[in-house]
Amino acid sequence: MSSTSLYVDADSFLHRLDPRAKLALLLAMAVPAYTFGRPAFIAIPFVAALIGLWIGGGLRNLRRVWFIIVALFIVGLVVWPGFVERGGPVVVDVGPVFLTEQQTLFALGRSLRITSFILGGLVYVSTTSNEEIVRGMRGLGLPYAFCFAVGTALRLFPTFLDAAGTVRQAQEARGLEISSKNPIERARSFIPLLIPVFMTAFRNIETQSMALEARGFDTRSERTFYRESTFATRDWLAVGATVAVSIASIALSTVGVGTF
């Protein structure tokens, strides 16, 4: 069953937090993932993001985008060894593939960093509705035009996924084979899907733009919200935890802990 939103309607601890406090927790996962370089340290925010997805009911969203995350992880493992000098024991020496321990750890750390960022963002959009995201960013003083653009992009993303699924089913009905066990052939079989998927996305964006213009939408007007955000004790605790984690991560990485 498809859904037009990544938001999961539930009553978890994460759902009850103010959207600004959830942004702070997102920062608490991003800072250690960015400051540390070794996989063992970056795995901590990675696991924390997975736990957040489990608590917030976002695992269903993970099942919708897992192939994107896996693809980025694999691409990182392949590309990043070329950007670091060889060092340490040899891990892989098969034909043209030659990897040392330092190259492997560096690539694994960078791939974990990217996936941690994605999973952290997925936790946020799974536990925060589009309206709360816009209200939270406005509460931080960000321009409404930027807030509206972010909210609209998040609303279009599941529509884009649904369009991709529809195009895939249509092409399979026409005889396109995309279930090959060879990963290279399978990747090549997705190329014919790109143009119709992107054309569908552009058509949806144009339709939404016309609808907004027809209703006289203007981002320069002052906006009000039905619900006003109030910071509770749990929100301040989340912000405090973010500050503590961020300071500790930066301090440890500055003295060389968790870095190369």
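Ser229 counts as partly exposed because its relative accessibility is 24%, a value that lies between the limits for buried (under 20% relative accessible area) and exposed (over 50%), with a 1.4 Å probe and protein chains only. This is a predicted model, in which local features need pLDDT of at least 70 and side-chain atom pairs count only at pLDDT 80 or more, while totals for chains, interfaces and linings use all residues. Residues are numbered from 1 along each chain as its sequence is written, and side-chain values use heavy atoms, with hydrogens and water left out.

Ser229 sits in the loop between α9 (191-214) and α10 (233-254), where helices are DSSP runs (H or I, at least four residues) numbered from the N terminus. When neighbours within four places in sequence are set aside, Ser229 is in contact with Asp18, Pro19, Arg20 and Arg135, contact meaning heavy atoms within 4.5 Å. Gln103, by contrast, is 126 residues from Ser229 in sequence and 47 Å from Ser229 in space, C-alpha to C-alpha.

Two of the residues that touch Ser229, Asp18 and Arg20, are joined to each other by a salt bridge at 3.0 Å, N to O, the term requiring a side-chain nitrogen of Lys or Arg within 4 Å of a carboxyl oxygen of Asp or Glu. Both Arg20 and Asp18 are buried. The whole structure holds three salt bridges, and another of them links Asp11 to Arg16 at 3.3 Å, N to O; here Asp11 is exposed, at 59% relative accessibility, whereas Arg16 is partly exposed, at 40%. Glu172 and Arg168 also form a salt bridge, at 3.9 Å, N to O. Because these two residues are four apart in helix α7 (residues 144-173), about one helical turn separates Glu172 from Arg168.

Helix α4 (residues 59-79) packs against helix α5 (residues 101-127) at an angle of about 160°, with the axes 9 Å apart; axes are lines fitted to C-alpha atoms over the stretch in contact, and angles run from 0 to 180 degrees between N-to-C directions. α4 is therefore roughly antiparallel to α5, a description that applies to angles over 145 degrees. Among the residues that make the contact are Leu62, Val65, Ile69 and Phe73 of α4, together with Leu108, Leu112, Ile118 and Leu122 of α5. Taken as a whole, the residues of this contact divide into 13 nonpolar, five polar and no charged, where Ala, Val, Leu, Ile, Met, Phe, Trp, Tyr, Cys and Pro count as nonpolar, Asp, Glu, Lys and Arg as charged, and the others, Gly among them, as polar.

Methods:
Parallel < 35°, antiparallel > 145°, perpendicular 65-115°, else oblique.
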